[in-house]
Amino acid sequence: MNDSPRTIVGLDLGGTQVKGGFVWEGEHGTPDVEQTLARTVAMDTDLDAGANDLLDRLAGFARELGSNGPLGLGVPGVFEEPGGRLLRSANLKALEGLDLGAELAERLDLAREHVCVDNDANVATYGEQWLGAGSGIQDLIMLTLGTGIGSGLVIDGQLYKGPTGKAAEVGHMVVRSLPVNGPEDPDLRCGCGAYGCLERLASASAAIRRAGAAGLDTDLRQLCEVARAQPGPERELLFEIGFDLGAGLLATTAVLDVTCYVIGGGFGRGLDLLEPGIRAALAERDYGHDPPRLLPATLGAAAGWIGAARMALDSRD
Ligand SMILES: [Zn+2]
């Protein structure tokens, strides 16, 4: 009998790239973070040849990484829970309707329950909570500030997904009310249909839109550099965006007593500039909460596959 530890692969399927890597089964505790990050590899997603071709290549990618145990997969989309069928994915429409876990289990000769599929925000959150900024913290919310705002919630060290898998959609919390009499701002109408969702105000896309409207540089990296260098409209705009973000955190803190937020995504690198606004919004209410911790994510684009691998580790017999 072979007693060597199995290789647990995590994959993070994006619209243009798949990132992946592996951990050893014995690393369930605390694997070396640098070594784990160094195992990150990528391949093109490329759906031109159809869903079956991509699934074949995903299985091949997992095999190349040495997969011989449970597998984890993160996907940007909404899943049917329970069941695991991909209901909607804006960037991977060809995969909609498929049970990706069953498809990969068949290709890799694994039991269905040993292929763990979850949305990209959840796996990234789990990755950061395991080996990143949230390491050792049992309760946190992670927000990924990108095109939208992805979010995941960890309670007592476990991802909380809710009975139908749609919990913790912090990006779609309404933080700006629909004007009762006045005209509405069309920029605040969200893709989900609601008005004033947090991601219409504080995602990277929203920040670009707001910078453009204010006549400022729409390259967020540049905008942040100018804001760091000197006071002025750039710093003020980032304060305002931070304030809106803080309004969202105020609400999640009120419901869940969240004491730690991990902020990731490209725009999350401006957390130092957003933090004064976030803190100002949080200070609006005094309900006896200590100010929450605001931590920049540390695993970058590897958080997703690392969290997916951790989910797979959790699924072992
Ligand atoms: Zn929305």
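Let's start with Asp118, which sits in strand S7 (residues 115-119); helices (H or I, at least four residues) and strands (E, at least two) are DSSP runs, numbered from the N terminus. This is a predicted model, where local features need pLDDT of at least 70, side-chain atom pairs count only at pLDDT 80 or more, and totals for chains, interfaces and linings use all residues. Residues are numbered from 1 along each chain as its sequence is written, and side-chain values use heavy atoms, with hydrogens and water left out.

**Around Asp118**
- Asp118 counts as buried because its relative accessible area is 4% (buried means under 20%, exposed over 50%, partly exposed in between, with a 1.4 Å probe and protein chains only).
- Lys161 and Asp118 form a salt bridge through their side chains, at 2.9 Å from N to O (the rule asks for a side-chain nitrogen of Lys or Arg within 4 Å of a carboxyl oxygen of Asp or Glu).
- The side chains of Asp118 and Asn122 are joined by a polar contact of 3.0 Å (a pair of N or O atoms within 3.5 Å; within protein, one must be able to donate a hydrogen and the other to accept it, and residues adjacent in sequence count only if both atoms are side-chain atoms).
- Leaving aside residues up to four places away in sequence, Asp118 touches several others, including Leu73, Phe79, Leu159 and Met311 (contact means heavy atoms within 4.5 Å).

**Two domains**
- The protein chain is divided into domain 1 (7-126 + 302-314) and domain 2 (136-297), with bounds from an automatic or database domain assignment.
- The contact takes 10 residues from domain 1 and 15 residues from domain 2.
- The centres of domain 1 and domain 2, taken over C-alpha atoms, are 27 Å apart.

**Where the domains meet**
- About 980 Å² is buried between domain 1 and domain 2, and carbon and sulfur atoms give 57% of that area (buried area is the accessible area, with a 1.4 Å probe, that two parts lose on being put together, summed over both).
- Across this interface of domain 1 and domain 2, the rule finds one salt bridge.
- Two residue pairs in polar contact also span the interface of domain 1 and domain 2, both at pLDDT 80 or more.

**A look at Lys19**
- Lys19 belongs to strand S2 (residues 17-24).
- Lys19 counts as partly exposed because its relative accessibility is 22%.
- A polar contact of 3.0 Å links the side chains of Lys19 and Gln17.
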